[in-house]
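Colleague: I'd like a close look at one part of this model, please. Take it slowly, and spell out the cut-offs as you go.

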Amino acid sequence: DQDLPNYAQHDVRIFSLPQKWLWCESWCSDETKAEAMTIDLCNNPLHKEAKIAMAKRIISGELFEESWEELDEQVGNYEKEFLASQGKLE
């Protein structure tokens with residue numbers, strides 16, 4: 001698994017999950033996306049784009065009705081508040 005440190009890969013047993021547990025545009029079809037338990041916004045070499053643009057394109061409509069722009073703005077505001085509270089905002 002790509003997320004395990006190299007030294008642990010020989011000591012930790014890895015089990016494969018069914019594809020529905022992790023849908024990624026690079027290796028999954030659009031037809032299986034509706035059944036996905038999680039959606040990975042992995043870097044697809046065919047679509048070099050920002051994560052927010054990817055999210056708007058891949059996760060929208062019935063799958064996700066919230067506004068990505070509003071959520072992105074909220075996260076940015078929380079980050080600014082946190083940095084200000086730490087005295088790190090310029």
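Is Glu25 buried or exposed, and what is its relative accessible area? Please walk me through its surroundings too.

Modeller: Glu25 is buried, with a relative accessible area of 16%. Buried here means under 20% relative accessible area, exposed means over 50%, and partly exposed is whatever falls in between, with a 1.4 Å probe and protein chains only.

Some ground rules before we go on. This is a predicted model, so local features need a pLDDT of at least 70 and side-chain atom pairs count only at pLDDT 80 or more, while totals for chains, interfaces and linings use all residues. Residues are numbered from 1 along each chain as its sequence is written, and side-chain values use heavy atoms, with hydrogens and water left out. As for pLDDT, that's the predictor's confidence in each residue, on a scale from 0 to 100. The chain averages 82, and 88% of the residues score at least 70.

The chain has 3 helices and 2 strands, running β-α-β-α-α from the N terminus on. Those come from DSSP runs numbered from the N terminus: helices are H or I with at least four residues, strands are E with at least two. Glu25 is in the loop between E1 and H1.

What does the Glu25 side chain do there? It meets the side chain of Arg57 in a salt bridge, 2.6 Å from N to O. Arg57 lies in helix H2 and Glu25 in the loop between strand E1 (23-24) and H1, so the pair ties together parts that are 32 residues apart in sequence. The rule for a salt bridge is a side-chain nitrogen of Lys or Arg within 4 Å of a carboxyl oxygen of Asp or Glu. The general idea is simple: side chains of opposite charge can pair when their charged atoms come close.

Arg57 has another partner as well. Its side chain and that of Glu49 meet in a salt bridge at 2.4 Å, N to O. Put together, Glu25, Glu49 and Arg57 are linked in a network of salt bridges.

Another of them joins the side chains of Glu69 and Lys56 at 2.8 Å, N to O. Glu69 lies in helix H3 and Lys56 in helix H2, so this pair ties together parts that are 13 residues apart in sequence. Both ends are partly exposed, with Glu69 at 46% and Lys56 at 38%.

Cys24 is in strand E1 and is buried, with a relative accessible area of 0%. Leaving aside neighbours within four places in sequence, Cys24 is in contact with Asp40 and Cys42, where contact means heavy atoms within 4.5 Å. Cys42 comes up for Glu25 too: the two are 17 residues apart in sequence and 7.3 Å apart in space, C-alpha to C-alpha. The C-alpha atoms of Cys24 and Ala36, 12 residues apart along the chain, are separated by 9.3 Å.

For context, 16% of the 90 residues of the chain count as buried. Residues 24 or more positions apart account for 11% of the contacts with a separation of 6 or more. The chain exposes about 7,700 Å², and carbon and sulfur atoms supply 52% of it. Accessible areas come from the Shrake-Rupley method with a 1.4 Å probe, and for residues only the protein chains shown count as cover.

One last check concerns the helices behind these salt bridges. Confidence is lowest in helix H2 (residues 51-58), at a mean of 83, and highest in helix H3 (residues 68-85), at 91. So for Arg57, keep in mind that it lies in H2. The 18 residues of H3 should span 26 Å at 1.5 Å a residue, and its end C-alpha atoms are 26 Å apart, which agrees; the expected span is 1.5 Å times one less than the number of residues. H3 is hardly covered, with a count of 1 buried residue among its 18. Just after H3, Gly87 takes a positive phi of about 70°.
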